[in-house]
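Reader: Please show me the model. Then take me through its charged pairs.

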Amino acid sequence: MEWLEGLFGVIGDLTWGWALIPFLVVLGLFFTLVTGFVQFTFFGRMFHVLLNKNQTADKNAISGREALLLSVGGRVGGGNIAGVAVAITLGGPGAVFWMWAIALVGMATSLVECSLAQLYKRKEGDEFRGGPARTIIHGLGEDYRWLAYLYAVCLIASFAIGFNAFQGNTVAGAAQDSMGIDRIWTGALLAIGTGFIIYGGIKRIAKVADVIVPIMAIGYVVMALLIILLNITSIPAVIGTIISNAFGWEEAVGGGMGAAMAQGLRRGLFSNEAGLGSAPNVAATAEVTHPISQGITQSLSVFIDTILICSCTAFVILLGDVYVPGAEDIDGVVLTQQSLVSHVGSWSQYFLTIAILLFSISSIIYNYYLGENALTFMSQNKATVHILRIFVIGIVFLGAVAPGATSVFFFSDPMMGILAIVNLLALLMLFPTLIRILTDYKEQLKAGAEHPVFDASKFPDLDIDHKAWKIKKEES
């Protein structure tokens, strides 16, 4: 086992250690520049989908809004609470600035990967399926099938297995610390809830996310806004500290600007997942009128995750007096919990536990669906899906009841590093195709179309599933 852990440690060092983060940053900047800063020029259009729930010709289909909220629910998890706290402790307040920076760049990357997933989605039964594995096969060709399979295997191992154990562990730990609830009861509740939701398939998963995500996001943001209002006179000083520490003008921890940048970039990338290829699996499930429209919508999920939710955690911590720069062996959940208590009282620790529960449930069902989508790409045998569902339910329970269980899944981050590299290489090779459909979208807007409609017949050289794009009806 030691040699296996060592092997995955090397893989993690080669990906997250030096190759992946620069690759994500450079490609994100490249996508931003070449697309004409789409995350800013289309920013207003991102909100259209939230204001219009029914956007599909088929009312039973998954709408762009539901796909967005499922994606937000997946991106927003324990990392937005615990991870941000750890990043600030190890990197100083300046880490927050670099989180913002990578999120703005990542919005362009998210648009690219999610638009391509929509373009190459397939109609399977009464559902749409897509994502990087299918994008690689239909965009790059059969010669790259091995690469698609590598991506699919890594997606199952990292998200469906490893990260679901982590989510179960996080919520069980929070419930035990704040409410004294034994881990086995939390694990049983999570396992039962997970089973009920995932056995309803992607449509039930999307419907649940459509309810849970707005509640958890709005509740957490309102709590943070309350704390900000109670400390409104301190806001300019906190923002000044964030900026000065980000550029090394005011050193908060050892390493100065370097530590702030490293922690901020890493936490931002882990949190919003832009470029990792996870969100495109969900983005492809929606019925929309143009691939770019869902890409634009999915950019908003990066904004919500990092600019909004992560910032809420950051201000709760930085406006309090619990945070100690450079502290060792920090428990991120405890730091955020104690910071909330210092602001509004002990009742807030129960609020945070409930928030973590909702965050974790949304992430668990999202992670499961990523695994299911990858599995159905590799095998059409329906029995394998049932096996995966049972396995995920068991993994969630195991992660919850065993405090050290997540250490067993040492392969999660390295596997995610591999799938991210595979996804980014595919995006780079398919970027000329993205520019073609982006140009088509912009030309229709210029011609006066309120909601551009994709016509697959205009792209006969592309391997597009015409069953998936047969509807030529504008969004209502």
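**Salt bridges**

Author: D461 and R436 form a salt bridge, with their closest N and O atoms 2.8 Å apart. A salt bridge here is a side-chain nitrogen of Lys or Arg within 4 Å of a carboxyl oxygen of Asp or Glu. The model is predicted, so local features need pLDDT of at least 70, side-chain atom pairs count only at pLDDT 80 or more, and totals for chains, interfaces and linings use all residues. Residues are numbered from 1 along each chain as its sequence is written, and side-chain values use heavy atoms, with hydrogens and water left out.

Reader: How many residues apart in sequence are the parts that D461 and R436 tie together?

Author: R436 sits in helix α18 (412-446), and D461 in the segment after α18. Helices are DSSP runs of H or I, at least four residues, numbered from the N terminus. The pair therefore ties together parts whose separation in sequence is 25 residues.

Reader: Is D440 buried or exposed?

Author: D440 forms a salt bridge with K458, the closest N and O atoms being 2.5 Å apart. Buried means under 20% relative accessible area, exposed over 50%, partly exposed in between (1.4 Å probe, protein chains only). K458 is partly exposed at 46%. D440 has a relative accessible area of 5%, so D440 is buried.

Reader: Which residues are linked in a network of salt bridges?

Author: Side chains of opposite charge can pair when their charged atoms come close. A search of the whole structure finds nine salt bridges. The network links E124, E127, R129, R134, E372 and R389.

Technical notes: Helices (H or I, at least four residues) and strands (E, at least two) are DSSP runs, numbered from the N terminus.
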